[in-house]
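Here are my notes on the two-chain model, as numbered points. Please read them with the structure open.

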Amino acid sequence: MDLGMKVLVVDDFATMRRIVKNVLKQIGFTNISEADDGKTALKALKVEKFDLILCDWNMPEMSGLEVLKQMKSDDALKDIPFVMVTAEAQKDNIIEAVKAGVNSYIVKPFTAETIGEKLKKMFGG
Amino acid sequence: MKDHLKEKISTIADDKLTSKETEELFHFIRQTMSNNMSHHDELFFKNLAREMTGQVKDLALLIIDCKTDLKSKIHPDLTDIATRYLPQTTDQLETIIEATEIAANKIMDNLERMQEDIEKMKKVFVSLKEGKIITAGGEKEIDSQTIKTISPFIEYVESSIKDYLSLISDSFIQMSFQDLTGQRIKRIIKLVSQMEEKIKRMIISFGIKLSERERNPNISKEELQRAVEEKVTELAGPQKEGQGVDQAGIDELLANL
């Protein structure tokens, strides 16, 4: 796993963005950016090249699921690994995200170990 | 009735009477009729009139009571809820979100500082294990015997550092309570705001319909609804989407009740 990869953390709650960033830093990631909503995230993804996105589901105006769907319909963005980090733990939600093409699904509240394991599984090592 | 009687007289008299004679006959008949109304009949009709007046008055009082009762039902309870308690509730809930965010950020500031300091300490002990010590005068070598002697201490400290970093990381993640509670509170705020708008709309509808009907008892249902919609638009004014009617507007409507 390349810890120098460019990561985008998307969540409308600043506290949560800070927590996810801290966990990623503890794992060893050094290049982390933030977005506070789906639209800002999509703009950032079109301007810079990101290697990974961790995104909340419940956000005003544009949900994480909508961000995922838009990414998957864009040739330039569809291959960027997408991890949904959300409090939505219903089976139907998970199925919906998987059908939309999510790479991994982490339920809040999470542990640092969970995020570490999921990312290692996605990228290896 | 007067014209009807005169017409009757003319018909009976086969149009053989002059206008003056018809008029005189009319007055004679009328006088005769009133003189013939007995005292008993007069009393009867007077009582009947009084009873009708009384019934009409009672009906009027009933309508007034109904309006007063309606006002008392709407004004103290519902109006207060719609214009004071619900907005206060949403304000207080938003304050909770802000307060918990501030507290969570302060705690995370402290935790990050602890993490940084402990990482620095970790580097010092890694250096010690490698036989180096950082002093005010710069980096110095430590002899192997000293390293061997202090090795258990170094291992103990490294193990503790690992535990503390884990605790700090866990404490950091616990701050996610602010996100979880915040999301739920936001849903409640949305629900309360929707309730507030619905209650205000109900007050507007009641107030307008009652006052318009008073002005025009024959007003149609469609016209009443149109009047309500116009008032809603007027009271909402150039406000942000989602913001509804203000207190002054509500008070004006209630004054009509």
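1. Start with one residue. A:V10 touches A:A35, A:G38, A:A41, A:I53, A:C55, A:D56, A:G64 and A:V67, leaving aside residues up to four places away in sequence. Contact here means that the C-beta atoms of two residues, placed from the backbone, lie within 7 Å. A:V10 is found in strand β1 of chain A. A:V10 counts as buried because it has 28 C-beta neighbours inside 10 Å. The cut-offs are 20 or more other C-beta atoms within 10 Å for buried, 12 or fewer for exposed, and partly exposed in between, with C-beta atoms placed from the backbone. The C-alpha atoms of A:V10 and A:S33 are separated by 8.7 Å, and these residues are 23 residues apart along the chain.

2. A word on the source. This is a predicted model, in which local features need pLDDT of at least 70 and side-chain atom pairs count only at pLDDT 80 or more, while totals for chains, interfaces and linings use all residues. Residues are numbered from 1 along each chain as its sequence is written, and chains are lettered from A and ligands numbered from 1 in the order in which they are written.

3. Now chain A overall. Chain A has five helices and five strands. Helices (H or I, at least four residues) and strands (E, at least two) are DSSP runs, numbered from the N terminus. Along the sequence the pattern is β-α-β-α-β-α-β-α-β-α. Of the 125 residues in chain A, 34% are buried.

4. The sheet of chain A. Its five strands form an open sheet in the order β2-β1-β3-β4-β5, with parallel pairing. Two strands pair if DSSP finds at least two bridges between them. β2 (31-35) and β5 (104-107) of chain A stand at the edges with a single partner strand each, so one side of each is left without a neighbour in the sheet. Neighbouring strands are turned by 20° against each other on average, direction ignored.

5. One strand pair in detail. β3 (residues 52-55) and β4 (residues 82-86) of chain A pair in the parallel sense over three bridges. A:I53 has A:F82 in β4(A) as its bridge partner. Helix α3 (residues 64-72) of chain A packs on the sheet and touches β1, β3 and β4 of chain A. The direction of α3 makes about 175° with that of β4(A). Axes are lines fitted to C-alpha atoms, for helices over the stretch in contact, and angles run from 0 to 180 degrees between N-to-C directions.

6. Chain B is next. Chain B has seven helices and two strands. From the N terminus on, its elements run α-α-α-β-β-α-α-α-α. Buried residues make up 11% of the 257 residues in chain B.

7. Where do the chains meet? The contact takes 16 residues from chain A and 14 residues from chain B. Helix α1 (residues 14-27) of chain A gives the largest share of the chain A side, eight residues.

8. The helix pair across the contact. α1(A) and helix α4 (residues 144-174) of chain B pack at about 155°, with their axes 9 Å apart. α1(A) and α4(B) are therefore roughly antiparallel. Angles under 35 degrees count as roughly parallel, over 145 as roughly antiparallel, 65 to 115 as roughly perpendicular and the rest as oblique. A:I19, A:N22, A:V23 and A:Q26 in α1(A) meet B:S169, B:F172 and B:I173 in α4(B).
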